[in-house]
Amino acid sequence: MIAPTIVAGLLAWTGAVAQTGDWPRLPSPRHLDSFEVGQRIKLNGVPLKIKGYLSDRPVSELNGWYRRTLGGQWVENRVGHKTVIGQRQGEYFVSVEFEPVLSGLSGSTTKVVVSIMDLNRQTMRPGQADDGLGGWAARLPLSSRVLSHMTDSTPTHESLHLVATNGHSAAYNAQHFRREFRHMGFHEDAAAVAADAQRAPASSTTGAPHRLSFSGPGTDAVLVLGRETNGQSTVVLILNRSKR
């Protein structure tokens, strides 16, 4: 899946918002296999459509194919070993991510992820985005800063992936989220409670991240708490809720 940080970075390239229209239909070159990434995704409140496929062609050839086929001007960015190109199409912004991967059967293979962003929706600040799964951006500890807020909805499930930082200790963040989940009727996984009780007091403020798990009616949640070298704590919250 295209990384939230990459899509968030593309928001800076979008420019002014245009008028409403139909989602563009993008062609794709001949490929080996396709996969669905998300049907109704929102990143910081902005609707996205994301699809991907695998190709036996190299990154340079696929990059050139999209530039020639769609025409217009493109911006290009490198994120690690990935290449991301993007362009404005009316009230939408299209990005294509190329990632070389290894395949024992066919040699070199390229994973391609195509993302279409609806610019007609004003970009929200991450803390304002409504996830429909409990409003977790508003439930974070005070002084938290949301870095990424991504939701996805399919006919069978809804999901949330939220990343934030704050100046509180990991122990404080764990206590805060336990209270919030308990208030919403969730139960903490018993094994996670026992493991957390055995941790040394210092491990709640330094060292490797630790994980908490919660479950509620049709919903599973995972919380990963860490501590950065600059003293800031990191919070990663992942929720999945079944619609059945």
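## Surface, cores and a hairpin

The protein chain exposes about 12800 Å², and carbon and sulfur atoms supply 52% of that area. The model is predicted. Of the 244 residues in the protein chain, 42% are buried. The secondary structure consists of five helices and twelve strands. Take the contacts between residues at least 6 apart in sequence: 59% of them join residues at least 24 apart.

**The largest nonpolar core.** This core has 21 residues. Trp136, Leu162, Phe181, Leu223 and Leu237 touch the most other members. Six elements each supply at least two residues of the core: helix 3 (136–139), strand 8 (157–166), helix 4 (170–183), strand 10 (210–216), strand 11 (219–227) and strand 12 (233–242). Helix 4 gives the largest share, four residues.

Phenylalanine 181 shows how its surroundings are drawn from along the chain. Leaving aside neighbours within four places in sequence, phenylalanine 181 is in contact with Trp136, Phe186, Phe214, Ala221 and Leu237. Another core lies apart from the largest one. This other core has 13 residues, including Tyr53, Ile85, Phe98 and Val112.

| Strands | Sense | Bridges |
|---|---|---|
| Strand 9 (residues 187–188) and strand 10 | antiparallel | two bridges |
| Strand 10 and strand 11 | antiparallel | seven bridges |

Histidine 187 has serine 215, in strand 10, as its bridge partner. Histidine 210 has leucine 225, in strand 11, as its bridge partner. Strand 10 and strand 11 form a hairpin, with two residues between them. Glycine 218 sits in the turn, with a positive phi of about 70°. In a regular strand, side chains alternate between the two faces of the sheet.

**Helix 2.** Helix 2 covers residues 59–70, twelve residues in total. From first C-alpha to last it reaches 17 Å, close to the 16 Å expected at 1.5 Å a residue. The buried residues of helix 2 are Val59, Leu62, Asn63, Gly64 and Tyr66. An α-helix has 3.6 residues a turn, so residues three or four places apart point the same way. After helix 2 comes glycine 71, whose phi is positive, near 65°.

How values were computed
Residues are numbered from 1 along each chain as its sequence is written. This is a predicted model: local features need pLDDT of at least 70, side-chain atom pairs count only at pLDDT 80 or more; totals for chains, interfaces and linings use all residues. Side-chain values use heavy atoms; hydrogens and water are left out. The expected span of a helix is 1.5 Å times one less than its number of residues. Buried means under 20% relative accessible area, exposed over 50%, partly exposed in between (1.4 Å probe, protein chains only). Contact means heavy atoms within 4.5 Å. Accessible areas come from the Shrake-Rupley method with a 1.4 Å probe; for residues, only the protein chains shown count as cover. A nonpolar core is a set of buried Ala, Val, Leu, Ile, Met, Phe, Trp, Tyr and Cys residues joined through side-chain atoms within 4.5 Å. Two strands pair if DSSP finds at least two bridges between them.
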